[in-house]
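User: I would like to go through this model with you. Could we start with how its parts touch one another?

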Amino acid sequence: MKIFSGTSNKPLAEKIAKNLNLKLSGLEVFVFPDKEKRIRILDKVLDEDVVVVQSTSSPTDENYMQLFFILDALKRNGAKSITAVIPYFGYQRQDHMFREGEAVSVKVIAEILKSLGINKLISIDLHSTKIVEAFNVPVVHLSSLAVFAKIIKEKGWDKDSVILVSPDMGGVRRIKILSGMLNNMPYGFIEKNRNLETGVVTAEKITGKIGKKAIIVDDMISSGKTITVASDLLKKNGAEEIYVFATHPVFSENAPKILQDSMVEKVYVADTIFVPEEKRFPKLEILSVSEMIANSIKSN
Ligand code: R5P
């Protein structure tokens, strides 16, 4: 087996390779003056099972193009099978037409990946489980919830003083699974609304008995607005300490500052997206999903 990595999240790819007792195979990315890129694989892949790791986080379009060219190079050079590991799957939020006239971006990406001949996709905490249906190759949909559950268990908190909270209705399934992993820890959810024209996020209603500690669980943090309105509402409803567990640290705009200045005690994220030094903040803790991905590669 050979493993390649695009440039978006090499530290994660290196950890996955280490877990597989492999070294990353060489890849050359040449950038032309007009910013077009030429991709060249530097290892033989004829009749090899190949894994490619590339998170399609920001710059999403560039990271996708790089992945597409890597896949093309692998196919042309005779790879026997290709597993695309896309820990954070860009464009996944546009998984249906929210309003008349919109494109369904995730379907377009799925079509391209299919046409480039991937044999399997491994991804983590997709925005909706329906995304899997956009592919006609096997999709291994992993979740960071087990990694989160381990950390929450280690805290040794009294179950009845804690509530798991989904900041929107879309995360209710996720929160129920996590509750099951934590001996049926109580859970609740917030009714959130995002104005599609202005981007303004509001959260009015919370369902569930608020304990002393609240744990907000989400699939991603982008602008940080969802976490801000959810934690404000939880404080108003009596929560004393708020913790956040969110898989993908998209961290767009000034999310790191918003999160550091917010009322939350700590923000746990997974390493599905590489967080550069300038986006790290004291309340942030990054948990690795590399072992989980490596185990999935080994066992499938
Ligand atoms: C929305 O449905 C997602 O689950 C996240 O809550 C959302 O993408 C977070 O975005 P932001 O940080 O910009 O509020």
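Analyst: First, a definition: contact means heavy atoms within 4.5 Å. Please also keep in mind that this is a predicted model.

User: Fine. What does Phe 89 touch, leaving out residues up to four places away in sequence?

Analyst: With those left out, Phe 89 touches Thr 56, Tyr 64, Val 106, Ile 109, Leu 113, Leu 121, Ser 123, Leu 126 and Phe 135. Phe 89 is also part of a cluster linked by ring pairs, together with Tyr 64, Phe 68, Tyr 91 and Phe 135.

User: And which residues have the most contacts inside the largest nonpolar core?

Analyst: Those are Leu 74, Phe 89, Leu 113 and Phe 135, in a core of 32 residues. Two or more residues come from each of strand S3 (37-41), strand S4 (49-53), helix H2 (60-76), strand S5 (81-86) and helix H3 (105-115). H2 supplies the largest share, seven residues.

User: What lies apart from that core?

Analyst: Another core, of 28 residues, lies apart from it; Ile 216, Ile 221, Ile 227 and Val 267 are among its members. In soluble globular proteins, nonpolar side chains tend to be buried together.

User: Back to the rings. How many aromatic pairs are there in the whole structure?

Analyst: The search finds nine aromatic pairs. One of them joins Phe 251 and Phe 281, with 5.8 Å centre to centre and 55 degrees between the planes, and this pair is tilted. The pair links distant parts of the chain, 30 residues apart. Phe 251 is in the loop between strand S12 (241-249) and helix H7 (255-261), while Phe 281 is in the loop between strand S13 (266-270) and strand S14 (284-287).

User: Is Phe 281 buried or exposed, and why?

Analyst: Phe 281 counts as buried because its relative accessibility is 8%, and buried means under 20%.

User: Which residue lies over the face of Phe 30?

Analyst: Arg 38 does, at 4.6 Å from the ring centre.

User: New topic, domains. Where are the bounds of domain 1 and domain 2?

Analyst: Domain 1 covers 2-142 and domain 2 covers 145-287. Their C-alpha centres lie 28 Å apart. The contact takes 18 residues from domain 1 and 15 residues from domain 2.

User: What area is buried between domain 1 and domain 2?

Analyst: About 1,300 Å², with carbon and sulfur atoms giving 54% of this area. In domain 1, the residues that lose the most area to domain 2 are Tyr 88, Arg 99 and Asp 125, together 36% of what that side buries.

How values were computed: Residues are numbered from 1 along each chain as its sequence is written. This is a predicted model: local features need pLDDT of at least 70, side-chain atom pairs count only at pLDDT 80 or more; totals for chains, interfaces and linings use all residues. Side-chain values use heavy atoms; hydrogens and water are left out. Rings of Phe, Tyr and Trp (its six-membered ring) pair if their centres lie within 6.5 Å; planes under 30 degrees apart count as stacked, over 60 as edge-to-face and the rest as tilted. Helices (H or I, at least four residues) and strands (E, at least two) are DSSP runs, numbered from the N terminus. Buried means under 20% relative accessible area, exposed over 50%, partly exposed in between (1.4 Å probe, protein chains only). A charge sits over a ring if NZ of Lys or CZ of Arg is within 6 Å of the ring centre and within 35 degrees of the ring normal. A nonpolar core is a set of buried Ala, Val, Leu, Ile, Met, Phe, Trp, Tyr and Cys residues joined through side-chain atoms within 4.5 Å. Domain bounds come from an automatic or database domain assignment. Buried area is the accessible area (1.4 Å probe) that two parts lose on being put together, summed over both.
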